[in-house]
Amino acid sequence: MAVKVLKPGLATTVQDLGRPGYYHIGIPLSGAMDRHALVAANLLVGNDAGAAVLEAVFMGPELEFTADATVAITGAELPPKLDGEPRETWTSFKVKRGQILSFDFLKQGARGYVAVAGGIDVPVVLGSRSTYALGALGGFKGRKLEAGDELPIGSAGATGKDGRSVARDLRGQPAGMPTELRAMPGLYWHRITEAAGDGFFSDTWKVAPEADRIGYRFKGGKPLEFVPREPPFGAGSDPSNITDACYPYGSIQVPGGTEPIVLHRDAVSGGGYFMVGTVIAADMDLIGQLQPNTPVKFVKVDMNQALAARKSRSELLGKLHSALA
Amino acid sequence: MQTRFSFGGDEHIFAEVGEAMSLEAFFKSLFITNAVRDAKIRGVTEICPANASYQVKFDPDQIKPDDLLTELKRLDSASEKSEPVIKTRIIEIPVLYNDPWTHETLMRFRERHQDPNGTDLEYAARINGLDSVDAFIKAHSSAPWFVSMVGFVAGLPFLYQMVERKRQLQAPKYLRPRTDTPKLTVGHGGCFSCIYSVRGAGGYQMFGITPMPIYDPNQNISYLRDFMCLFKPGDIVKWKPIDRAAYDAAVADVDAGRFAPVIRDVSFSLTEFNRDVDAYNAKLDGVLHGR
């Protein structure tokens, strides 16, 4: 069984829950930007929670099925059509051999997840099927999909039923405007003045067009003012430079003090820009669903608040598992 | 050196060993990250040494952030007593300096450079007080370099020159980063050289290109079959300037699967190195060439 790619969409890639353990040599985690939506899509079609699916950004692909299958689309509101007939998102449905799955224009969010019962069966590389395009690693031939690709599908378990759906309160999608991203100040926070730090958290930022799997750039807030210093040897002369160091996932670097960049699943693992803090793990999925121009506020939290948010996100995932068990 | 610790969100601890780059800070980072690996701490998922800092990623559902911080502080103070000696490898990297491919690229992005009327090598020679490109190439390739960090992208080594600080070559990054850099370009920014493992964006000055692949996700290259990335932090690199004929021959050898890199095991003592840098580097050169 295979799925033929008739049209690839903008940047559709194979992703699972990622490839931990190789960040120290520059190979990032990769995997779904919105992990909760990936798990939901898989559970809907009876897959293991971490099976490989397609992640489509802003625009869906057009796919032809060479055998009967069960599929589900979650994440962004990217309305599916089967041979032109509308289908629901967050709901599993049957596809007959020869039918074509396509998508309407994006209504909300940024990334849709297309799960097929049996999972996308590309080779496992370093423990994962996720695509890391910058390193031409994993996924389908290490790259985004192209027209003419044929994706192998694994054999489906018995639980791939159609007509199952995920209740709205279990979807974990961003709610409200502006979107709030909780962040812990730290790392090189001491490099900016107190006023700049206050401004960072009180300003409303907007997602810039340069927003991808490596990182999300934000603009529209006030430039950050630095505490004066003598540049340390090896750091470089710009006040935003540091001696090249590791970058945490979710870390917020601000090159030149102007436009913050939050690193995401395909993060560059290190570099020479200072960071003001880190978006907490519980809010990383939300970033994956932000479109350019979306207003965003960074909300200052401490470790206890971050751990409480983590617990509540993990409880949501637990409820999703129970609902689709 | 007092290490500064900070949480990077709820899943990382970031430790800055030194604000400035130094071999001492790098050695301490390498030592502590090795100790963290050996300690097999429950919940630790990634251990990343960097030039003068390191980072540990963890799962706070398995270990409390404060407990891990306490453990890292304990390992940090224990490292003060350890002898700065490592068992590592010395690797020869052939380089065609002033090659046509980086030259084409640097001309294409000239308006983003500090010196639009020269080349990156001419600029780097001048600002380092050297009277010619040849003198710069000699300064770049005569002493070995430490791989002080691997990252940015898959398998890319940051390299730190093993000479006294006053002799270290330095060059700023481009004014605005390029959108293109040839694969296997030998670059330089600040006090670090690097080898671009993949084609892509970059801001470092471009000096040359190596015919020797350092990253192969398909693992077809003979010496990358065990693992797709050549470099590990702590490796020592010695550049070997080659001409175009030798470059073409090496590329043909790589394509035919018969290229054999020169890699030797070596023990490195920071204390002995600091006693007489040139004599110690000559000894390392001897190890590389079986003398």
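In E4(B), B:Tyr54 is the bridge partner of B:Ala15. That pairing is a handy way into this predicted model, and the views below start from there.

**View 1. Strand E2(B) sits between two partners, E1(B) and E4(B).** On one side, E2(B) runs antiparallel to E4(B), and 5 bridges join the two. E1(B) is joined to E2(B) by 5 bridges as well, and that pair is also antiparallel. Look for B:Phe7, which stands opposite B:Ile13 in E2(B). E1(B) and E2(B) make a hairpin with 3 residues between them. In its turn you'll find B:Gly9, whose phi is positive at about 65 degrees.

**View 2. Strand E2(B) is mostly covered.** How many of the residues of E2(B) are buried? The count is 5 of its 5. B:His12, B:Phe14 and B:Glu16 point one way from the strand, while B:Ile13 and B:Ala15 point the other way. Both sets are buried.

**View 3. Helix H2(B) has a buried side and an exposed one.** This helix covers residues 65-79 of chain B, 15 residues in total. From first C-alpha to last it reaches 21 Å, close to the 21 Å expected at 1.5 Å a residue. The buried residues here are B:Pro65, B:Leu68, B:Leu72 and B:Asp76. Seen down the helix axis, they fall within an arc of 80 degrees, so they line one face of H2(B).

**View 4. The buried residues of H2(B) pack against parts of both chains.** From chain A comes helix H4 (303-323). Chain B supplies strands E1 (4-8), E2 (12-16) and E4 (53-58), along with helix H1 (23-39). The strands from View 1 turn up again here, as packing partners of the helix.

**View 5. Strand E7(B) pairs with E6(B) and with E9(B).** E7 spans residues 157-161 of chain B. Strand E6 (residues 145-150) runs antiparallel to E7(B), with 5 bridges joining them, and B:Val147 stands opposite B:Leu159. B:Leu159 has a bridge partner in E9(B) too, namely B:Ser193. E9 (residues 192-195) pairs with E7(B) in the antiparallel sense over 3 bridges. The hairpin of E6(B) and E7(B) has 6 residues between its strands, and B:Gly151 in the turn has a positive phi of about 155 degrees.

**View 6. Strand E7(B) is mostly covered.** Its buried residues number 5 of 5. B:Pro157, B:Leu159 and B:Gln161 point one way, and B:Phe158 and B:Tyr160 the other, all of them buried.

**View 7. In chain A, A:Val71 belongs to the largest nonpolar core.** That core has 171 residues, and those touching the most other members are A:Ala41, A:Val53, A:Val71 and A:Ala115. Leaving aside neighbours within four places in sequence, A:Val71 is in contact with several residues, including A:Val45, A:Phe93, A:Leu101 and A:Ala115. In soluble globular proteins, nonpolar side chains tend to be buried together.

**View 8. Stepping back, chain B holds 8 helices and 12 strands.** Its C-alpha atoms fill a box of roughly 55 × 45 × 40 Å along the principal axes. Buried residues make up 45% of the chain.

Conventions: Residues numbered from 1 in each chain as written. Chains lettered and ligands numbered in written order. Predicted model: local features only at pLDDT ≥ 70, side-chain atom pairs only at ≥ 80, totals over all residues. Helix = DSSP H or I, 4+ residues; strand = E, 2+ residues; numbered from the N terminus. Expected span 1.5 Å × (residues − 1). Buried ≥ 20, exposed ≤ 12 C-beta atoms within 10 Å, placed from the backbone. Arc of directions from axis to C-beta. Contact = placed C-beta atoms within 7 Å. Core = buried A, V, L, I, M, F, W, Y, C linked by C-beta atoms within 7 Å. Pairing = 2+ DSSP bridges.
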